[in-house]
Amino acid sequence: MEGAKDAGGDRSAITVQVKFSGRTLPVSLPMDATVADLKSLLQPVTNVLTRGQTLICKGKVLADKVSLKSVPVTNGSKVMLIASQGLHQGDGPITKDAATQSISPRKLLDTKQTQVSHTRTNVEKSRSERWKLTGVVALSECHLEAMPEEVWSCGHSVRVLDVSNNLIRDVPTKVGDLKLLNKLLLNANNITDESISWEGLSSLKCLTILSLSHNYLTTLPSAVGTLTSLCQLHIANNKITSLPDELGLLNQLQILKVANNRLSSMPSSIGNCRALVEIDLSCNLLVDLPETVGNLQDLKALILRNNGLKSLPPTLFKMCYQLSTLDLHGTEITNDFLRQIEGWEDFDERRRSKHQKQLDFRVGSSGVFDEGADDDRALK
């Protein structure tokens, strides 16, 4: 058979005679095809996997990446196929006589498309299976505009869902199907008050970390109080104007970050969050803090920079006896005011011990507290 007549007279195709197990397989393929292309065409008619095929022409073993015309393999060339033991599919290599089958260039294209489609299916399947196996759905920075549907099919298997740094707007009620979810990272998306289902979030009774920072939220609803397992709540860099009283129901909350919002006050119920260790309220519109902050005996870090504060709760230093980090840069609180608060000396000793080498605080040569608090001479 001549390659010029094969494939409808296409002179860009050649026919190679492949000898295998007492049979001759005429294979038609483009002149610029590679040895790997030839192996792909031979796999379905021989049951020998491509990696188990050794092709020999004129006593020379043909390398996969080599083009046939460079070998050279020309129209009518004879190529011998030797199959490696064990590297086969189905019932093994086809060794009995069979009807001669001509394989065309179109067959090559169809085979490649089938392989690509099969590969894509396996990738998607393996991704879903990997999520179920590890419990981690990691999809940050994937240019997503919506949650992939296969996430919901993982159900109770998912422990961590990270879709941060995407373009996601909607957090549907389906999120509540992930009943055993521990960590939900939604920061840096396009989430608004209307597009997030707090009904769904309220079902996540095992949730310990919730991050909604860098979105477009203006309120935090009372439903947040149902997430009683929360240990960390990150809602910085939104446009939130107030926090609900139900925040006080989060008695396991250890870290609260609400920086860069529009808060003008804090609910007194914050004093019920007795497990709090770190609070960041920087860059808001606060003019005072509720006295109940003094109830937070485990509190170690309180970040208040860039607010309109002029005073602090009188029990802060006395009752918060683990407090060692206090950032007051950009407030109107003075050193003289701080020294008059009961428990100042103990706090000052703690923060000096913690920050021996000027880490988070600036200690002047006189050794006085200089963490953003103005002295009397700076007051107008």
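## Strand pairing around S5

In this predicted model, Ile 56 has Met 80 as its bridge partner in strand S5, and this contact belongs to the antiparallel pairing of strand S3 (residues 53-57) with S5, which runs over 4 bridges. Strand S5 (residues 78-83) also pairs with strand S1 (residues 13-20), here in the parallel sense and over 3 bridges, with Gln 17 standing opposite Lys 78 of S5.

The structure holds 10 salt bridges, one of which joins the side chains of Glu 278 and Lys 257 at 3.7 Å, N to O. This pair connects strand S12 (residues 278-280), where Glu 278 lies, with strand S11 (residues 255-257), where Lys 257 lies, the two residues being 21 residues apart. Glu 278 is partly exposed, with a relative accessible area of 23%, and Lys 257 is likewise partly exposed, at 27%.

Another salt bridge is formed by Asp 327 and Arg 305, whose closest N and O atoms are 2.8 Å apart. The two are 22 residues apart, Asp 327 being in strand S14 (residues 325-327) and Arg 305 in the loop between strand S13 (301-303) and helix H6 (316-319). Asp 327 counts as buried because its relative accessibility is 9%, under the 20% cut-off, whereas Arg 305 is partly exposed, with a relative accessible area of 31%.

Within helix H8 (residues 344-354), Arg 351 and Asp 348 are 3 residues apart, about one turn of the helix, and their side chains meet in a salt bridge of 2.7 Å, N to O. Both Arg 351 and Asp 348 are buried, and salt bridges with shared partners join Asp 348, Arg 351 and Arg 352 into one network.

Terms used:
Residues numbered from 1 in each chain as written. Predicted model: local features only at pLDDT ≥ 70, side-chain atom pairs only at ≥ 80, totals over all residues. Heavy atoms only, no water. Pairing = 2+ DSSP bridges. Salt bridge = Lys/Arg side-chain N within 4 Å of Asp/Glu carboxyl O. Buried < 20%, exposed > 50% of the residue type's maximum accessible area, 1.4 Å probe, protein only.
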